[in-house]
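Colleague: Please pick one part of this model and take me through it closely. I want the local detail, then what packs against what.

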Amino acid sequence: MRLLFSLVLLAGLPALANAQGKKTKPVQPIAVIELKRTTPVLYDKEIEPILVHKCAVCHSDNIKEGKLDLGSYEGLMKGGKHGAAIVPGKSADSLLVKLVGRTEKKFMPPKGEEPLTPEELALLKLWIDQGAKAPATKRERPKVIVVGPPADVHPVLGVALRPDKKYVAASRGNQIHIYEVASGKHVRMLLDPQLTVSSTSPKNGEGKGKAIQAAHLSLVESLAYSPDGKTLASGAFQEVVLWDADKGTIRQRLTGFADRVVALDFSHDGKLLATGGGAPTADGEIKIFDVASGKLVVEIKNGHSDTVFGISFSPDDKKLATCAADKFVKVFELPSGKFLKAFEGHTHHVLDVGWSADGKLLASAGADNVIKIWDFDKGEQLRTINGHNKQITRLVFIGKSDQFATCSGDQTVRFWNLNGANIRNFGGNADFLYALAVSSDGTLVAAGGQEGIVRVYNGSNGQLLKSLEPPDAQAVRK
Ligand code: HEC
């Protein structure tokens with residue numbers, strides 16, 4: 001996974017060179033070489049590494065260009081939009097070979113990306129000609145899992161600070177942990193009492209009815225507190241739960257989602273909750289619910305052509321900004337849902353978006369490692385802010401100020417001005433960051449990611465206040 005993200009960085013470089021006006025030579029087919037070898041080519045040792053290095057960034061996990069998943073042997077054999085990409089025994093007839101060999105368009109990987117070497121191409125062809133055999137041993141790779149995540153994958157994907165700054169909520173795997181900020185103590189785990197072993201397809205009925213210590217069946221992808229701090233919303237695969245933040249009980253269950261819900265935002269008056277998500281390469285999903293009744297009040301269809309990663313109400317709640325894997329930032333009018341404007345400029349997935357306090361500017365952050373500032377009225381890009389050197393996964397405006405915070409795969413949290421000045425950095429993390437929350441006065445910052453640890457900082461001076469580790473599941477049952 002991390003390897004994959006760092007590739008995004010590499011992918012950005014050639015694009016830059018082109019932008020600077022360098023002439024690119026016409027594309028030549030990859031040289032064909034013969035391998036003098038009779039031993040079997042092994043998928044897991046020899047083929048998979050090529051796919052991981054040169055293809056996975058666009059063809060695995062939640063990105064499946066051409067509807068082709070190269071993240072697993074099964075996906076590779078299944079093929080994509082145009083059917084099977086591999087014909088076992090016949091490399092010359094395999095679409096994948098033609099595309100990567102650059103004898104048929106569209107060339108893969110696309111222009112600007114590092115092509116296969118002649119040796120890699122030869123290896124791939126030989127493997128196909130030997131029958132495209134499956135790997136001998138099945139190896140699990142971390143990915144989005146619907147039926148409960150494996151026990152050892154506990155990245156923090158969501159962090160939320162209660163507006164009174166007393167509690168911080170963090171999601172790890174399919175659990176939600178609530179900590180008291182001042183003491184750093186874990187005070188509660190949110191549990192969905194409906195989750196029992198019987199509800200998750202037990203093998204031979206073993207342990208049936210036993211409670212599962214989880215908030216959702218699948219990974220909790222997003223968290224947000226309502227402005228009054230009374231409700232905590234959590235998003236997961238095809239589900240959002242509204243929790244009573246004081247009691248830790250379920251108040252509402254919102255369903256009817258096509259896929260994961262990865263973005264949540266409460267309106268400033270606290271009456272509405274906007275959700276973003278959707279299946280990769282299908283339509284992005286944008287829905288707005290009435291918080292009190294749990295009813296769907298607005299659905300924006302066909303707003304994006306891919307997963308929506310970020311969603312944000314304008315300061316007056318009259319507009320909604322969204323951003324998605326389709327590289328667009330868009331703005332819709334509320335409550336009509338009418339499309340107002342699209343902003344194009346990111347060269348990779350746009351992962352989050354927010355509004356300046358006056359509602360005039362938008363800031364967006366992407367998998368292309370940059371932040372972009374947009375003028376809403378003029379509909380144009382004002383500037384690109386560099387600094388992070390990996391994907392920027394979250395962007396949060398700090399209360400009513402013109403400052404905003406970002407977190408990134410480069411393990412840092414940063415504070416910025418709209419003019420692009422980097423005000424402060426928060427370090428100490430040892431892995432990719434996915435989740436970020438900042439109190440409205442900017443004095444408290446919480447961030448978490450792949451490591452599974454939530455770090456709480458003093459936002460005024462960058463000092464690390466607390467490192468919140470996963471609680472022992474047994475000890476915290478209340
Ligand atoms: C930078 C992103 C990117 C990278 C890297 C990339 N691809 Fe693609 N790939 C795409 C896109 C986009 C499409 C869809 C093209 C279209 O249909 O217009 C695609 C389509 C394909 C298809 C056709 C699927 C179908 O059925 O339509 C194949 C096969 C393929 N890619 C193989 C590969 C292989 C093998 C690699 C690595 C050697 C690779 N790609 C690397 C972006 C990428």
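Modeller: R102 is partly exposed, because 17 other C-beta atoms lie within 10 Å. The cut-offs are these: 20 or more other C-beta atoms within 10 Å of a residue's own make it buried, 12 or fewer make it exposed, and counts in between make it partly exposed, with C-beta atoms placed from the backbone. This is a predicted model, so local features need pLDDT of at least 70 and side-chain atom pairs count only at pLDDT 80 or more, while totals for chains, interfaces and linings use all residues. Residues are numbered from 1 along each chain as its sequence is written.

R102 sits in the loop between α5 and α6. Helices (H or I, at least four residues) and strands (E, at least two) are DSSP runs, numbered from the N terminus. The phi of R102 is positive, near 65°, and R102 is not a glycine. The loop holds other backbone features. K106 lies in the loop between α5 and α6, and the peptide bond from K105 to K106 is cis, with omega near 0°. P109 is also placed in the loop between α5 and α6. The bond joining M108 to P109 is cis, with omega about -15°.

Next comes α6 (118-129). Its twelve residues should span 16 Å at 1.5 Å a residue, and the end C-alpha atoms are 16 Å apart, which agrees. The expected span is 1.5 Å times one less than the number of residues. Buried in α6 are L121, A122, L124, K125, W127 and I128. These buried residues pack against α2 and α5 (95-100). After α6 comes G131, with a positive phi near 110°.

The buried residues of α2 are I47, E48, I50, L51 and K54. Viewed down the helix axis, they fall within an arc of 150°, so they line one face of α2. That arc is taken from the directions from the helix axis to the C-beta atoms. K45 and P49 are exposed, on the face turned away from the buried side of α2. The cover over the buried residues of α2 includes α3 (56-59) and α6.

How do α2 and α6 meet? Y43, E46, I47 and I50 of α2 meet E120, L123, L124 and W127 of α6. Two residues are in contact if their C-beta atoms, placed from the backbone, lie within 7 Å. The two axes come within 10 Å and cross at roughly 130°. Axes are lines fitted to C-alpha atoms, for helices over the stretch in contact, and angles run from 0 to 180 degrees between N-to-C directions. α2 and α6 are therefore oblique to each other. Under 35 degrees is roughly parallel, over 145 roughly antiparallel, 65 to 115 roughly perpendicular, and the rest oblique. The crossing of α2 and α6 is left-handed. Left-handed applies if the near helix is turned anticlockwise from the far one by less than a right angle; clockwise gives right-handed.

For context, the protein chain has six helices and 29 strands. Of its 478 residues, 44% count as buried.
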